[in-house]
There are 2 protein chains.
Amino acid sequence: MPDAPHPAPLTGGRRPKFRRAGEQRRRQDLIEATLACVAERGLEGATVRAIARRAGVTAGLIRHYFPGKQDLVQAAYAAIMGRMTGHSKAALGDVEPDPRRRLAAFLAASLEPPVIDARVFSVWASFSGRATAEPSLSAAHRAYYLGFRDEVESLVAELFAAAGRPVAPSELRRHAIAVNAVIDGLWIEGCLAGDSFAPRELVEIGITSVERLLGLRLATPSARKAELT
Amino acid sequence: MPDAPHPAPLTGGRRPKFRRAGEQRRRQDLIEATLACVAERGLEGATVRAIARRAGVTAGLIRHYFPGKQDLVQAAYAAIMGRMTGHSKAALGDVEPDPRRRLAAFLAASLEPPVIDARVFSVWASFSGRATAEPSLSAAHRAYYLGFRDEVESLVAELFAAAGRPVAPSELRRHAIAVNAVIDGLWIEGCLAGDSFAPRELVEIGITSVERLLGLRLATPSARKAELT
DNA sequence: GACGCTGTTATGCAAGTGTATAACTAACCG
DNA sequence: CGGTTAGTTATACACTTGCATAACAGCGTC
């Protein structure tokens, strides 16, 4: 993309006008620009110059806010992972403590936009691919993943407890693994081929699947219909 | 890894000895080296020089067998995807036409090494991340993914037919989506945290989960025990 | 309204990138 | 054996990358 011989004048004038933004705002902008670059062109497309152009600044500014490019990348990774798991977990806060509805809400939050999103998947996959090689990313990767699974496990535990069906820890673990797998798998399918699913279809499949996996209903048909509206 | 100032003398002599390999062999070596580089250092670590060093040749040779680096990368992607789906599908050939055992074998093949493997996941994720951006990869990506899901759907259809339980196409589709999701999700979990699972545990969880999802048994407990040995 | 701090730009640099091309040489044929 | 071909190496080149540093200028302060 040879659009500008030099880093990018941004305006036609000699020295482009610029306005100073607070540190918090600039860091956020840079992280957002990084995620956009990774989503559109992959991790290798996220060069300091591409990121800077996207954020509307020049490349040098990145080093003013981050010790190196890798730190920015890592911050971006933490941002998107936190956004994803945070969104799913936040859905629990709005629901009364009925375990059935809590798990259903968790599923719905995980299987709808903005978590179901091709760009989010692209970023996740790019980072995950390099996580094996890069120890700094690897640790965060594992932490987020296991944290999500723990959340699932505690939700499943609540559900069994409320239903009066005691389960051994090993059995609970297996249930959590299976439920987590369904969520992950449906998430991938939704991100990759979102256009082949009706709006709430993935959520419905997810709820039905979890009900069958656990042998418990998450909501009565009428309640589900109301919730899904 | 600054080991050699120039492309790499490979031997101490003036011009290193080399032996000619057949075209098929060299192409395969280059593809293998590419996969190794991607697995260890991510897609951006797969430079022509790194690949060439790994394959025991010099960088220029790549252009002799592939029009450009991108063609090699694409060939490597096709190779690993074909290996994965091929391994799972090949497992069907060895099993008598009992749909229950066929689906069980398919699950086992998909949830064990060499398909369950951290390096395989790393490569898959790296490519998937860039597939969104790169149309050439995107098409192959979708094709392999939907091909796998179609395979699952036909296996599930066989199973229902053998059990005498007719299902509407829309219902069959949903079952296939759910089963596919469980396979994908367990595959990811196994690749990321393979050390936290007992040898055949993922396969057992997979079979149990699919049985619950479909409301059918894939094998009697005794048969399963024999099969898993 | 001039000053000074620091956020921001402009510019340079060494290393690394993919690709092009020429030189070499292993292997095959006569 | 000598000649030919094509697989392989060596080298060069234009470009990009992350990073360093100096010049500049927005903005709060007195």
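**The nonpolar core and its setting**

Modeller: The largest nonpolar core has 124 residues, and those touching the most other members are Leu107(A), Val182(A), Val210(A), Leu107(B), Val182(B) and Val210(B). Such a core joins buried Ala, Val, Leu, Ile, Met, Phe, Trp, Tyr and Cys residues through C-beta atoms within 7 Å; buried means 20 or more other C-beta atoms within 10 Å of a residue's own, with C-beta atoms placed from the backbone. This is a predicted model: local features need pLDDT of at least 70, side-chain atom pairs count only at pLDDT 80 or more, and totals for chains, interfaces and linings use all residues. Residues are numbered from 1 along each chain as its sequence is written, and chains are lettered from A in the order in which they are written.

Beyond its neighbours within four places in sequence, Val210(A) contacts (C-beta atoms within 7 Å) Leu103(A), Leu107(A), Val179(A), Val182(A) and Leu218(A). In chain B, Val210(B) is among the buried residues of α9(B), as are Leu202(B), Ile205(B) and Leu214(B). Helix α9(B), a DSSP run of H or I with at least four residues, covers residues 201-214. Just after α9(B), Gly215(B) has a positive phi of about 70 degrees.

Between the chains, 35 residues of chain A contact 34 of chain B. α8(A) gives the most to chain A's side, 13 residues. The same surface serves both copies, as 97% of chain A's contact residues recur in chain B.

Methods
Two residues are in contact if their C-beta atoms, placed from the backbone, lie within 7 Å. A residue is buried if 20 or more other C-beta atoms lie within 10 Å of its own, exposed if 12 or fewer, and partly exposed in between; C-beta atoms are placed from the backbone. Helices (H or I, at least four residues) and strands (E, at least two) are DSSP runs, numbered from the N terminus. The expected span of a helix is 1.5 Å times one less than its number of residues.
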